[in-house]
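Let's take a friendly walk through this structure, with an eye on how its side chains meet. Keep the 3D view open as you read.

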Amino acid sequence: MEWLRSALLPPQGSAFAGEIDFVYMFILWLSIVLFVGIVGAELYFVWRYRYVPGRPTPHQTHNTKLEIIWSVLPLLLCVGLFFWGIDGYMKFAVAPGDAMEVQVTAKKWLWQFEYPDGTRTVNEVHLPADKPVHFVMTSEDVLHDFYVPDMRVKRDVIPNRYSEIWFTPTALGEHVSTCAEYCGKGHSDMHAKVFVETKEKYEEWMATGGDEWMKHTPEEWGKIQYEQKGCATCHSLDGAKSKGPSWKGIWGKMEKLQGGKTVLVDEAYVRESMLQPQAKVVEGFEPVMPTFQGLLRENEIRGLVAFIKSLK
Ligand code: CUA
C-alpha cells in the first residue's frame, strides 16, 4: 500500500518517519476496515429486518457473550494503540546525548538558528545527514510552531520557555520548514529551508559560513561581526575606555604593552589578539578577553581587520 502512503504523506526525511508513517497507516486501515464492517452490517440489518406487512416482529433477546466481545475487543485495541503511540512519543521526546544542539529563535516573522560554535543563520539551517540534531527552541514574541513535514516533527515555540525536538535527517537535499501556528500578518511567509548535506559539504559550509559574507564589503562584514560576536561589549568605537582598548584610531598606532614593550597595531597583531588574546596585553588592561579561536572564520577575521582599519 505504498502508493497510498506516498499519496497522503510527504517524503520521509528522517530516521523515525518510517515508524510514524507505519502507525499512521495502521490506524487509517483499521478505521477503513471498521467503518466498512460496521456500516455494512448496519445496512444489511436495515434491509434484512425492514418492515414487511404481515411479517411477525422478531422478539428481542439479550446476548451477554456478544456484548462482552464487542466491548472488550475494541478496548484492548485502543489500549494497544495507546502504548504503541506513547512508545513513539517517548523516542521523539528525549534527544540522544550525542545529538548536535541547535538553538532556534522564532520572532515575527523569521527563524534564527544558532550552532554550537556561535554561527548564526536566518531562515535556513544546514544539517549533516545521518547525525541526530536537537533543536532547542524559544520565541521572542508570540506563539509560533516549528514544523518540518518531511522530518515528521512539529512543536510549539513559546515565549519565555524552551521546547525541544530532535531527529536524524536521512534524505539529502532541501526540505521545507514552516510556522504552523497563526502568529500575525507575516505568518504565511515564515518559512525556513532545511538543507541536509553530506558530511563533507556540511563541513565546507561550516568553514565558510555560506556566501553571506560575499554580499558585503569587508568593512560592513566586520561591523556585523563586531555586533554579533560580542566585540562590542568590551571595545568601544568612540575612544571610551572599556574592558578592552577602544578601536577608534587604533590602527597603525604603537601600542604600549604590559612589561614595557611596544607593538605596531597591524594585521598580524590584530589577528593574534583575536586568536590568542593573552599573548600581548595592552598596558592598563586586564587579560580578560576569551580566545576566539574556532569562533571566527577566515572571512570574519578579514572583515574585522578591515573594520578596525576603517575606524580613523
Ligand atoms: Cu510564526 Cu505563524
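The text below looks at one helix, then at salt bridges, aromatic pairs and charges over rings. Please bear in mind that this is a predicted model.

Start with helix α4, which spans residues 199–208 and has Y202, W205 and M206 as its buried residues. Why do these residues end up on the same side of α4? They cover an arc of only 100 degrees around the axis, and that places them on the same side of the helix. As a general point, an α-helix has 3.6 residues a turn, so residues three or four places apart point the same way.

What does the buried side of α4 pack against? Its buried residues pack against four strands: β1 (100–107), β3 (120–122), β4 (124–128) and β10 (191–197). On the face turned away from the buried side you will find the exposed residues E200, K201 and E204. Just after α4 comes G209, which takes a positive phi of about 70 degrees.

**Salt bridges**

How many salt bridges does a search of the whole structure find? The search finds 13. Three of these pairs are set out here.

| Salt bridge | N to O distance |
|---|---|
| E19 and K91 | 2.7 Å |
| K91 and D87 | 3.6 Å |
| K223 and E227 | 3.0 Å |

The E19 and K91 salt bridge links distant parts of the chain, with E19 in helix α2 (residues 17–48) and K91 in helix α3 (residues 64–93), 72 residues apart. E19 is partly exposed, at a relative accessible area of 33%, and K91 is partly exposed too, at 39%.

K91 also meets D87 in a salt bridge. These two residues are four apart in helix α3, so about one helical turn separates them. D87 is partly exposed, with a relative accessible area of 38%.

K223 and E227 sit in helix α5 (residues 218–228), again four residues apart, or about one turn of the helix. K223 is partly exposed at 38% relative accessible area, and E227 is partly exposed at 49%. Elsewhere, salt bridges that share partners join E2, R5, D21 and R152 into one network.

**Aromatic pairs**

Turning to the rings, the count comes to 18 aromatic pairs. One of them is F16 with W166: the ring centres are 5.6 Å apart and the planes stand at 80 degrees, so the pair is edge-to-face. This pair links distant parts of the chain, with F16 in the loop between α1 (2–8) and α2, and W166 in strand β8 (residues 163–167), 150 residues apart.

F26 belongs to helix α2 and W84 to helix α3, so the pair ties together parts that are 58 residues apart in sequence. Both are partly exposed: F26 has a relative accessible area of 35%, and W84 has 28%.

Ring pairs also link W111, F113, F135, F146 and F167 into a cluster.

**Charges over rings**

Finally, look for lysines above aromatic faces. The charged end of K154 sits over the ring of Y147, 5.6 Å from its centre. K241 lies over the face of F285, at 4.8 Å from the ring centre.

Note on methods. Residues are numbered from 1 along each chain as its sequence is written. Side-chain values use heavy atoms; hydrogens and water are left out. Buried means under 20% relative accessible area, exposed over 50%, partly exposed in between (1.4 Å probe, protein chains only). The arc is that of the directions from the helix axis to the C-beta atoms. Contact means heavy atoms within 4.5 Å. A salt bridge is a side-chain nitrogen of Lys or Arg within 4 Å of a carboxyl oxygen of Asp or Glu. Rings of Phe, Tyr and Trp (its six-membered ring) pair if their centres lie within 6.5 Å; planes under 30 degrees apart count as stacked, over 60 as edge-to-face and the rest as tilted. A charge sits over a ring if NZ of Lys or CZ of Arg is within 6 Å of the ring centre and within 35 degrees of the ring normal.
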